Amino acid sequence: SDVYKRQPLVKKNRVKCKMEQRIYKRQYRERNINTAGMSEITMVTSDEKKLKADFGVMKVCKPIEEFYKDNSTDTEIILPEVNSTTLARIVEFCAQYHNKSPPVAEKPLKTNKLSEAIKDQWLEPKLEMPLKDLYELISACDYLELKSLEDLAACAVAVKIVGKDVQEIRKTFGIVNDYTAAEENEIKEFFSWSDELWP
């Protein structure tokens, strides 16, 4: 019957699938062996500076981990989206929270004090930096897929908004008001339910 004729093909496919699984597992073990003995890596930043760090600390950044798994004989990884100052901050963060959970920002955010939003005595003063530096940190963390620090840096930006009206937010972030008086009145009327935004 047709069912009987198909049976050898099914068996052959199962054997092929098992062989592929074994090959994948062997390759995965080999990649892990290649990186297991790796201690120090060199990262080249966008401003062409080199920074050394422990691979075990930095493999929390997925692009770095994947690069060295596929290129274990290479000595350097180029990070074109990260400058040296920002990378130094990221390395310090990764080292501080290596093998332990980093703090989590308060959600929803209800305070304009960073010390209350991020209850960590080591990290809180590290995130007290100009907005330009915070933006660069967020961008670098996004590039390196370091979600924990990206969220914390975003929180450091957000606390600068909490409790402020439109004029104060514009001043804080250097936003130029390009609305005409008529357009602004229209917006105020549309959002009249929000007394916090329009004093």
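Student: In this predicted model, which residue in the turn of the β1 and β2 hairpin has a positive phi?
Tutor: β1 and β2 form a hairpin, with 5 residues between them.

Student: How many bridges join β1 to β2, and how many join β1 to β3?
Tutor: β1 and β2 run antiparallel, joined by 5 bridges. β1 and β3 run parallel. The bridges joining β1 to β3 number 3.

Student: Why is strand β1 largely enclosed by the rest of the structure?
Tutor: Buried means under 20% relative accessible area. Strand β1 spans residues 40-44. It is largely enclosed because its buried residues number 4 of the 5.

Student: How far apart are the closest N and O atoms of E76 and K50?
Tutor: E76 sits in strand β3 and K50 in strand β2, 26 residues apart. E76 is partly exposed at 32%, while K50 is exposed at 56%. Their side chains form a salt bridge, with the closest N and O atoms separated by 2.7 Å.

Student: Which helices does the salt bridge of E92 and K126 tie together?
Tutor: The N to O distance is 2.9 Å. The two residues are 34 apart in sequence. E92 lies in helix α4, and K126 lies in helix α6.

Student: Is D70 of the negative surface patch buried or exposed?
Tutor: D70 forms this patch with E66, D142 and E145. Its relative accessibility is 55%, so with the cut-off at over 50% D70 counts as exposed.

Notes: Residues numbered from 1 in each chain as written. Predicted model: local features only at pLDDT ≥ 70, side-chain atom pairs only at ≥ 80, totals over all residues. Heavy atoms only, no water. Patch = residues over 30% accessible without salt bridge, like charges linked within 9 Å, V, L, I, M, F, W, Y side chains within 5 Å. Areas by Shrake-Rupley, 256 points an atom, 1.4 Å probe, with all protein chains shown as cover. Salt bridge = Lys/Arg side-chain N within 4 Å of Asp/Glu carboxyl O. Lys, Arg positive; Asp, Glu negative; His and termini not counted. Charge placed at Lys NZ, Arg CZ, Asp CG, Glu CD. Buried < 20%, exposed > 50% of the residue type's maximum accessible area, 1.4 Å probe, protein only. Pairing = 2+ DSSP bridges.
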